[in-house]
Amino acid sequence: LVGIALLAALGIAGCGGQSRLSNKALSQVAKTLQSLAYEGDILADDAAQGRSTSVFTAVHARFLWEAARSSSSMLKQAETVEAKRLAQLGVGVTDDLERLSRSGSDRGQQRRLQRALAQAGATISKLGKRL
Amino acid sequence: MRQFLQIALGILSAIGGFVDIGDLVFNTQAGATFGFQLLWVVVVGVVGIIVYSEMCGRVAAVAKRPVFDLVRERVGFGAGLGTLIASSVVNLMTCAAEVGGVAIALQLLSGLPYRFLILLGVLGVVLISWALPFEWIERLFGYVGLCLLVFAVAAVKVHPDWGQVAHGFVPGMHTGSHLVFLYFMVGLLGAALTPYEVYFYSSGAVEDGWGPKDLRINKITSVVGYGLGAFLSFALMILAAVLFLPRGISPQFLGTPALGAQDALGKIGLLLALVGILFAVGGAAIETSFSGAYNLAQFFGWQWGKRERPSGAPRFALSWIVIFLLALGIVMSGYDPVKLTEYSVIFSVVALPLTFLPILLVANDPAYMGRYRNGRLSNVLGVAYFALILAIAASAIPLLVLTNGGQG
């Protein structure tokens, strides 16, 4: 029974996402991107202050980058103005997280990325409220 | 003095062994989503695992019967087989999630490739399980898992509003989606009441040859060990509530709790958190594989026991090795361990009633327990928790689907 239920739930979870994004789905993507941007902001801030290891910064930023890339790819077919703006911000967050994962011990770059990610998080948050 | 030391060691290893990947994921997500509002649910869950662990430890000590032996006897072959299949699926999913957690923790520490670290992690836990005696495994993972106490220090360091924290221990109204709130309630209760902990605890008690003289140790270890272990859950939730909720961060990664410890305490906080996570999930991986093997062996009447040499209990030894290999296959195929954890915790809730009912029945049966049968308090709590377990078992999967895994 558990196995059947598991397959059913996994199937349901795997469905959808192929057609045009609904407002609810768009709002969910915005929440995810905001979350990733702010998590990147904390990570970059700690790295810039020498409070993290370069390995943790690189690996965790890479996880965040992969998730941001996956969310951003859902916005490729964006049609509305808000969706296009969100897609643009998503690309920016993805690029910043990718740079953070490669930033090594460059504290200047980490500081710049922290500001950019914090800014992106705030903008996405405002945009998300309008969706 | 010797007994005091034994109790102290048992408590320490119970604290370190309390938190697994399910607790890490659900407590952090719950704090990031609802702040302190779900702290009281952790208390409810911990009291439940204390009640049933004490009961199954007492049954093991007096009747010398582990849980799955009783499942087959009390619910019959058909329902027993259903419970075995359900618990085996859940054990395997949990073991796979823990193995994935080991690889992620190693990756966050070393930067080496994930798939290589999955192989290394599985090889490591298999070798440790094969070579080390039971007590050493328990102590190694329990004691090093105490590094997780760094989360308690971090939770204090981020200066939460203690009035609000105290308010979180009072069940009451909440803000946000009702369904998502219920989903996290079920998840937190499921993470606290995991069946594999009960199977492992009772089989370990039988293996250790517990008798009525050990009932005091059983009671103290259950109450104090799990009780103090709950502080780690509180700490994870408080830390997430302070750091992640205001920014709208929805934790999706095993590294996110470690990021919280890092933000509060710097590099030392990060390293202690990662080592604690590594040993907590590594220990849980071993517990789940052994639980699966215990269940199979006890149900089919095979020779079983970690104390037995593999040649003395070959099917038991083969079972836990096969469980590790299947878990390895699942994680290598690319399933996200955090998502796997969410599913395994929710599905474990469905298997809870058939695990806990036989314990309750036998612990209250004078034919098995004589004068050690349940007292009034144990019965009242046991029945109340069983009713709660039935309610969450019925609602777990609908909530998983309706809330899209807690995302609303």
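Predicted model: local features only at pLDDT ≥ 70, side-chain atom pairs only at ≥ 80, totals over all residues.
Local features need pLDDT of at least 70 and side-chain atom pairs count only at pLDDT 80 or more, whereas totals for chains, interfaces and linings use all residues. Side-chain values use heavy atoms, with hydrogens and water left out; residues are numbered from 1 along each chain as its sequence is written, and chains are lettered from A in the order in which they are written.

At the interface, 31 residues of chain A are in contact with 39 residues of chain B (contact means heavy atoms within 4.5 Å). The two chains bury about 2,900 Å² between them, 69% of it on carbon and sulfur atoms; buried area is the accessible area (1.4 Å probe) that two parts lose on being put together, summed over both. Seven residue pairs, both residues at pLDDT 80 or more, are in polar contact across the interface. A polar contact is a pair of N or O atoms within 3.5 Å; within protein, one must be able to donate a hydrogen and the other to accept it, and residues adjacent in sequence count only if both atoms are side-chain atoms. On the side of chain A that touches chain B, the elements giving two or more residues are α1 (2–14), α2 (23–48) and α3 (54–73) of chain A. Helices are DSSP runs (H or I, at least four residues), numbered from the N terminus. The largest share of this side, 13 residues, comes from α2(A).

The largest nonpolar core has 173 residues, and those with the most contacts inside it are B:Leu38, B:Phe151 and B:Phe324. Such a core is a set of buried Ala, Val, Leu, Ile, Met, Phe, Trp, Tyr and Cys residues joined through side-chain atoms within 4.5 Å. Helix α12 (residues 255–300) of chain B gives the largest share of this core, 18 residues. Leaving aside neighbours within four places in sequence, B:Leu38 is in contact with B:Ala30, B:Phe181, B:Phe184, B:Met185, B:Leu188 and B:Met237.

B:Gly168 lies in helix α8 (residues 162–168) of chain B and is buried, with a relative accessible area of 4%. Buried means under 20% relative accessible area, exposed over 50%, and partly exposed in between (1.4 Å probe, protein chains only). B:Leu377, in helix α16 (residues 376–402) of chain B, is exposed, with a relative accessible area of 63%. The C-alpha atoms of B:Leu377 and B:Val51, 326 residues apart along the chain, are separated by 9.7 Å.
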